[in-house]
Amino acid sequence: MDKKQTRKVLTASLVGSSIEWFDYFLYGTMAALVFNQLFFVNEDPTVGLMLAYASFALSFFIRPFGGIIFSHIGDRIGRKKTLVITLSLMGFATFAMGLLPTYQAIGVAAPILLITLRLIQGLGIGGEWGGALLLATEYAPPERRGFFGSIPQMGVTIGMVMGTLALYLMTLLPEAAFMSWGWRVPFILSAFLVLFGLWIRKGIDETPEFKAVKASGEIPKLPIVDTLKYHWREVLIAIGAKVVETAPFYIFGTFVVSYATTNLEFSRTATLAAVMIATVITTILIPIMGALSDRVGRKKMYVTGAVAMGLFAFPYFWMLQQGSVLLLIVATIIGLGIIWAPITAVLGTMFSEIFDAKVRYTGVTLGYQIGAALAGGTAPLVATFLLATFDNSYVPVALYIVLTAVISLLSIWAVKDLSGTQKQEKTATLVTEESRV
């Protein structure tokens, strides 16, 4: 593959993924600042916030279903066509959110419509991640698969930076203007990003590995059945490995917005700035960590990050408790910006390397999305519940982060180091043989 085609593939993977996650994270941040007041109205502010977070978590449980639907299409028809569908679905739901009337205008219909659109978002993102990952890794030279696989992972953080930046700019408006119409602007303008992403993806071809499987005539009729029958162990490993990557991410990036502003009296602007700075740093580090994994191994990178995550849980909350904006920023940079980077950089590549190409879209998607449903979407809700139950003590929340690290370390124990030369040569040989067939 020449350099021009390489750039085109990586751009298509990154741009589409970034836009999808931008749309997705807008909801998460708005849930903590806006939706609890305009859609999930309750006399008790904590209950309103928990209802908003519950709607945030709900989409995570629909994501595996979206993953099953679109990974079936991806393993049967192709990666490219699936990615066009998922991006279109996400774009429609996000744009419509910006036009919704509030609870004060139409009553209980408002949160019902919002949740419906959130579920549509969940279906779209459920199929997006696996496709964007495979678009990169299945085009990658074997010796650079770690770097290529880290590129779509940058879409997660770039999307978050875009979402946080958009919200930050809107919060500069007077409070009344922000709550009235300012929060709607990022949702509505996202339509232009979606159109750009669709244009980018239109110009790419199907991946070599999918073409090889298609040429061999070995495309499974029901990829989900084959995956659960022959690769259920790999799915369980992927689910467990996802836990420490997803739960702390939403603690550091979403839960902290309400926790720091409500419980610790930080300003909303300072908190969002801390998250944005940390996210920019991790975006820069992700491809560096991905490239490093091609030299030292995926498992070693992942284990280092998971151990560091468990060790940092208590220091993170202690730093927030000091009430210093500087320490808030430093703590967020360490947790979200530095420690999280090696975990997420190698996660996708590691998943893609433990599944056969025939069911790879389904396998990586199931592991990723079920893990996200169990540990990601519930993280802000669980953290808020723990605070309310234990008299605003951060200790249970810190222990929760430690627990996620332990679960993932136990899961990853079953994974061999898949970045070695033998694995790479074996994969390259199989692809070549299938292409000849």
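Is D391 buried or exposed? In this predicted model, D391 counts as exposed, because its relative accessibility of 70% lies over the 50% cut-off for that class. The residue is placed in the loop between helix 16 (379-389) and helix 17 (395-412), and its phi is near 55°, a positive value in a residue other than glycine. A second case of this kind is E265, which is not a glycine either and has a positive phi of about 65°. E265 belongs to the loop between helix 11 (232-263) and helix 12 (268-296), and with a relative accessible area of 72% this residue is likewise exposed.

Two packed helices are described by the angle between their axes and the distance between the axes. For helix 16 and helix 17, the axes come within 8 Å and cross at roughly 145°. The contact is formed by A379, V382, A383, L386 and L387 on the side of helix 16, and by P396, V397 and Y400 on the side of helix 17. Sorted by class, this contact has eight nonpolar residues, with no polar and no charged ones. Helix 17 also holds T404, which is buried at a relative accessible area of 3%, because that value falls under the 20% cut-off. When its neighbours within four places in sequence are left aside, T404 is in contact with V243, V244, A247 and P248.

The largest nonpolar core of the model has 125 residues, and those with the most contacts inside it are F35, I251, Y302 and F317. Its largest share, 17 residues, comes from helix 1 (residues 3-38). For F35, the residues touched, not counting those up to four places away in sequence, are Y27, M30, F40, L114, W183 and F187.

Helix 13, which covers residues 298-321, has 24 residues, and the distance from its first C-alpha to its last is 35 Å, close to the 34 Å expected at 1.5 Å a residue. After the helix comes G323, a residue whose phi is positive, near 75°.

Helix 5 (residues 109-137) can be described in a similar way. Its 29 residues should span 42 Å at 1.5 Å a residue, and the 43 Å between its end C-alpha atoms agrees with that expectation. A bend of about 25° is found in helix 5 at E128. Because 21 of the 29 residues of helix 5 are buried, the helix is largely enclosed by the rest of the structure.

Helix 15 (residues 360-376) is also largely enclosed by the rest of the structure, since 15 of its 17 residues are buried. The separation of its end C-alpha atoms, 22 Å, agrees with the 24 Å that 17 residues should span at 1.5 Å a residue. Within this helix lies A372, which counts as buried at 0% relative accessibility. Not counting residues up to four places away in sequence, A372 touches F60, R63, K242, T246 and G377. The C-alpha atoms of A372 and I151 are 19 Å apart in space, the two residues being 221 residues apart in sequence.

Q153 is located in helix 6 (residues 145-171) and counts as buried at 0% relative accessibility. With residues up to four places away in sequence not counted, Q153 touches W129, E245, I286, T344, A345, L347 and G348. L189, by contrast, is placed in helix 8 (residues 185-202) and is partly exposed, because its relative accessible area of 47% lies between the cut-offs of 20% and 50%. The C-alpha atoms of L189 and F95 are separated by 7.5 Å, although the two residues are 94 residues apart along the chain.

Conventions: Residues numbered from 1 in each chain as written. Predicted model: local features only at pLDDT ≥ 70, side-chain atom pairs only at ≥ 80, totals over all residues. Heavy atoms only, no water. Helix = DSSP H or I, 4+ residues; strand = E, 2+ residues; numbered from the N terminus. Expected span 1.5 Å × (residues − 1). Core = buried A, V, L, I, M, F, W, Y, C linked by side-chain atoms within 4.5 Å. Buried < 20%, exposed > 50% of the residue type's maximum accessible area, 1.4 Å probe, protein only. Contact = heavy atoms within 4.5 Å. Axes fitted to C-alpha atoms, helices over the stretch in contact; angles between N-to-C directions. Nonpolar A, V, L, I, M, F, W, Y, C, P; charged D, E, K, R; others polar. Bend = angle between axes of the 7 residues up to and from the residue.
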